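Hi,

Here is the structure I promised to pass on.

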Amino acid sequence: MLDQKDLRPKDLGRQDEQLIKLETYNLMPLLPPYDKPGMQPPITEPKPAWREKYCASLDGFIALDTLTRPQTKEEEDEFVRKFLSGLEKIFSDANNGILEPLLLSFEYCAKCNTCSEACHIYKAAGDNELYRPIFRSEVLRKIVKKYFTKSGKLLGGFVGADIDVNWETIARLGELAYRCNLCRRCAQTCPLGLDNSILSKEIRKIFSQEIGIAPTPLHNKGTMLQLKTGSSTGLTKPAFLDTLEFLEEDTEEKFGIKLKFPIDKKGADILVLHNAGEFIAWPENPVAFAILMNEAGLNWTLSSEMMGYDSVNYGLWYDDVQAKKIALAQMKAAKELGVNRIIVGECGHAHKASIVAGDRMAYGDTKVNVESCLPLLWDLVQSKRLKMDPSRNNFPVTLHDPCNVVRQMGIVEPQRNVLREICPQFREMTPHGVDNYCCGGGSGFAIMNSQNFPSFRDNVASRMKFNQILGAFQGKMEDASQVKYICAPCSNCKGAMRAILEHYEATEKFNLQYGGLVELMVNALVSMKKPFFEFLE
Amino acid sequence: MFLSLIAYAAILLFLGLSAYKAYQFSKLPLHGRMELYPVPKEKGFEHGGSFYEEISWWKKPREVSHVREIVEMFKEIVFIKTLFENQRPFWWLSYALHLGIYFIFVWTFLLVAGAVSMLNGIVVAANTTSIWGLLLFYLTYITGIIGLVLVALGSGLLVLRRMFDSTLKKYTTPQEYFNLLLLFAAVVTGIITWSSDFTFGTAREVTAGIITFTPFAANGLLVLHVILVGIMLIYIPLSKMSHYVGKYFTFHTVLWDNSPNLRGSAVEQKVKAATSYRPTTTWSAPHIQAPSSTKK
C-alpha cells in the first residue's frame, strides 16, 4: 500500500492488494458540533470475501458490483482486450455525440492543476492524490498513448505512455470513474475550459457500452428495469395507480384535503413528470405538487402510461445508448398524451436529461416542450395565485443547488425567490448558486448502496456538503429544539441528504431536517389547516 | 537565403497547421449540449442564470449579448482570467509567458515594419528626424525587451516550478518539459544573439535581409536561433501548445453553446443531419442492439 502523497498515475498498474487507504483523521475536518472526537462514524473496510470477488484494490471501496475478478488468464486478457476496444471506440463515430468535447478535454490539459481545488471529493478526502481530477484523466491518457498513438508507441515514457496495463489497472480505473460525481465544478475553473468529468464518464461508458459492466442500481435495476417496466423503481402501471389512490386517501386523512391526481388527462396543458422514486421514498413531494397545482387551478395531468410516470434517466451517468432510449420513450409518452408541455418535478438529473441532453436527440414533431418546475413555482408565488403565510416557515432554511439544475442549466434564481418570499429565516450556504458544491450523491452515488460504497459516499463525497450545511446553520446547530431545514429540490440530492443525516445522526441529535421546495410552499399555504411537515407537529 | 526559407516556411506552416487544426475541430459532428453556467452571452441573467428561468422559455424571444461574450473572451485571452481567479501563484508564471508571447508577436510585426521602412529610406533610429522612424525605434525597443524577458522568465520558471513542485512533477511528462524548454531555448538564443544591440538595429537589418531574400553574414548563434524559432513555430500547432485553437472551441462550442433545438432553427437542421447518420462503429455490450452498419 502506498502513502497517497507518493501515488502517481502510472501506479494504477501496480500489483498491491490495495493502492491507498482512507483514514478518518486524514479527511477534511468537519465544522462544530462535528469537530469533537467520536462524532464521526468509522470508514467501512472491505470484507475479505469482497476483496476476492471484486476490485477492492483501489481504495478499498466497491462501486462496481458487477465487476468480478477473472478466474483464468484468458478471462483477464479478454477483459483488457474489451476495454481497449471500447477505448478506441470513444474516439470513433460511435461516439459522435461527445467527440468534440472529449477530444478537447483529452488533448489540451496543461496540467496546471487548477481543477483540484474545485473538487469536493479531492478536498474532502484531505487533498488525496487518488481523487485529484487530473489523476484519472492522466491514467486514461497514458493508456491511449500507449496503445493508440504513434508518439506513444515510438517514444513511450517521453510522451507519458509509461503505464502497465493489466486487469488490475483497468478494473481500478473503472472503480475510479465512480469516485467522481460528474458535477463539472472543476470545468468551471479550468483556464482552458476542459472538463475532467467527460473523461470519467467515458470510462463508465466503455465499461457499460462495450464490456457490459455497470453498477446494478444504475443498470440492471435502473435503466434496464425502467425500459422493461416503465420505471426504475419497478413500479408498474397498476402499482402506480394504486399508489396514487393510497396517497389521495392518506392526504385526506392527514390534512382533510380531498386530493385528486389527474391521470392521463388528454389534451391537458401540463404533464408533470416526477422521479417515480418520490412516490415511494418521499410521497409528500408529489402530494405537495398536486396540492399546489390544484389550488392554483392549473390544467395538468400525470401519465400512467409506460415511460410516462418516471422522469429518471440513469443512462445520463454511464451509458449514452440507454440515455437516448429512455429520453425518446419519455417524449413519445408525452406526445401521445397530447399535452402542451412537460414540467419536470424536483429531480435534477431528469431536468438535464430531458431538457438539455434530450434537446439534441430528436427534432420536429417528435419533440415536446419541456421546462423546469422552478420558474412555474416562483410564478405561482409571485403572482399571488397561491396565498402564503411565511410565518409558518419561521425556522432556519438553507438551499442546496442541484448541479444539473443550477450549474448545468442556469436555473438559479426562481427557487431562491420562492424561499426569500416564504421563509423568513432563509440563509445561503457558502458557496452557492452556480458555484455550489455537489451533494455527493450525484451521478448515481445516492442510489449506489452495494458493499461498502455508501461509506465512501457518506464519509467523503458528501462531506463538503455536510460542512456547508453545518456552516449555514452555525449558531443554531446545537439547539436541538430548533428545526433546521435543508431545501434540496432534487430527488437524488435528497437521497444524499437522507444518507448523510442518517450517517451523522444529525436529525436525531440536532433536528436537522431535509426535503424539497414544494413541501415548504404547501406548509406556508394559508389554506392548510395544520403543518404539512410532521416534524412541526 | 537559407534563413529566409526557414523563416517563411516556419511562419506559413505555423499559420497553415493552426488553421488546419481549427478546420478539423470545426468539422467535428454535432455534439450533445454541454454548457456550463455562467454563460456570458445570456442577456438579463448576469447572475449565472439562463433562459430556462423563464416560464415557457421557448415562447420568449431569445436575447443574446455578444458584447458580454466578447468582453469575457477578451479577459480570457488578454489576462487569462480563469487562472487569475482560481490559481494566482501559477498565473504569475503562466501570464508572464503568455504576455511575453504577445509582446514578441508585436515586436516581430514592428521589426518587419521597421525593416520595410528602412528599405524605403526611412531611418529607424533614436536620432532620426522621422517621427515614424522614431516611433518604430522605441516601440520595437520596448516590446522586444519586455517580450524576450517575459518569455524567458515565464518558460524558465515554469520548468523549475514543474520540476520542484511535488504535485506538478508527477503529472509532467518529459515531452511537456521539452515544450517549455524549446520556448526557453528559442528565446534565450534570441537574447544572446541580439545582446550586442538591444535597440534591435541588428535584428531589423537581419529581418530586412530575411524578408527580401538578401544574403547576409550570419554567425552560428543567429543560425541556431532562427532554426530553433522555426522548429518551435512548426511544432507548436502540432503539439498541445496549440491550445490557442482548442480554447476557442472549448468555450464557444462547448461551455458557452446553449442554443436550444427549436423548431425551424439552425440547430434543428444540424440535429436532423446528425440523427440520420449511421455510425460505422458499434458498441459490443449485450444490451446494445447493433444499429445498421450502412453509412449515410
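**Two sheets in chain A**

Let me start with an open sheet in chain A: it has 4 strands in the order E2-E1-E3-E4, with parallel pairing. Strand E2 (300–301) and strand E4 (369–372) of chain A are the edge strands, each pairing on one side only. Before you go further, please keep in mind that this is a predicted model.

Going through that sheet pair by pair, strand E1 (residues 270–273) of chain A runs parallel to E2(A), and 2 bridges join them. In that pair, A:Leu271 sits opposite A:Thr301 of E2(A). E1(A) is also joined to E3(A), here by 4 bridges and again in parallel. If you want a residue pair to click on, A:Ile270 has A:Arg341 in E3(A) as its bridge partner. E3(A) in turn pairs with E4(A) in the parallel sense, over 4 bridges, and there A:Ile342 has A:Val370 in E4(A) as its bridge partner.

There is another open sheet in chain A, with 4 strands in the order E6-E5-E7-E8 and parallel pairing. Its edge strands, each pairing on one side only, are strand E6 (426–427) and strand E8 (512–515) of chain A. Inside this sheet, strand E5 (residues 397–399) of chain A and strand E7 (residues 484–487) of chain A run parallel and are joined by 3 bridges. A:Leu399 has A:Cys487 in E7(A) as its bridge partner. Helix H21 (residues 491–503) of chain A packs on this sheet, where it touches E7 and E8 of chain A. The direction of H21(A) makes about 165 degrees with that of E8(A).

As a bit of background, strands of a sheet pair through backbone hydrogen bonds, and the pairing can be parallel or antiparallel.

**A helix pair in chain A**

Next, take a look at helix H17(A) and helix H18 (residues 413–422) of chain A. Their axes come within 8 Å and cross at roughly 30 degrees. Because angles under 35 degrees count as roughly parallel, H17(A) is roughly parallel to H18(A). The crossing of the two is left-handed.

Which residues of H17(A) and H18(A) meet? From H17(A) they are A:Leu374, A:Pro375, A:Leu377, A:Trp378 and A:Val381. On the H18(A) side they are A:Pro414, A:Gln415, A:Asn417, A:Val418, A:Glu421 and A:Ile422. By class, this contact has 8 nonpolar, 2 polar and 1 charged residues.

**How chain A is divided**

Chain A splits into domain 1 (4–213) and domain 2 (223–536). Taken over C-alpha atoms, the centres of these two domains of chain A are 31 Å apart. Where they meet, 33 residues of domain 1 of chain A are in contact with 35 residues of domain 2 of chain A. On the domain 1 side, the elements that give two or more residues are helix H4 (120–124) and helix H9 (196–211) of chain A. That side of domain 1 has 21 nonpolar, 6 polar and 6 charged residues.

In chain B, helix H1 (residues 2–26) and helix H9 (residues 220–238) have axes that come within 8 Å and cross at roughly 15 degrees. That angle makes H1(B) roughly parallel to H9(B). H1(B) passes H9(B) in a left-handed crossing. H1(B) brings residues including B:Leu3, B:Ile6, B:Phe14 and B:Lys21 to the contact, while among those from H9(B) are B:Val223, B:Gly230 and B:Pro237. By class, the contact of H1(B) with H9(B) has 17 nonpolar, 2 polar and 1 charged residues.

Finally, the two chains: 69 residues of chain B are in contact with 66 residues of chain A. Several helices of chain B give two or more residues to this side, including helix H4 (88–119), helix H7 (174–194) and helix H10 (243–255). Which helix gives the most to the side of chain B that touches chain A? That would be H10(B), with 9 residues. By class, the chain B side divides into 33 nonpolar, 26 polar and 10 charged residues.

Cheers

How values were computed
Residues numbered from 1 in each chain as written. Chains lettered and ligands numbered in written order. Predicted model: local features only at pLDDT ≥ 70, side-chain atom pairs only at ≥ 80, totals over all residues. Domains from an automatic or database assignment. Contact = placed C-beta atoms within 7 Å. Nonpolar A, V, L, I, M, F, W, Y, C, P; charged D, E, K, R; others polar. Pairing = 2+ DSSP bridges. Axes fitted to C-alpha atoms, helices over the stretch in contact; angles between N-to-C directions. Parallel < 35°, antiparallel > 145°, perpendicular 65-115°, else oblique. Left-handed = near helix turned anticlockwise from the far one by under 90°.
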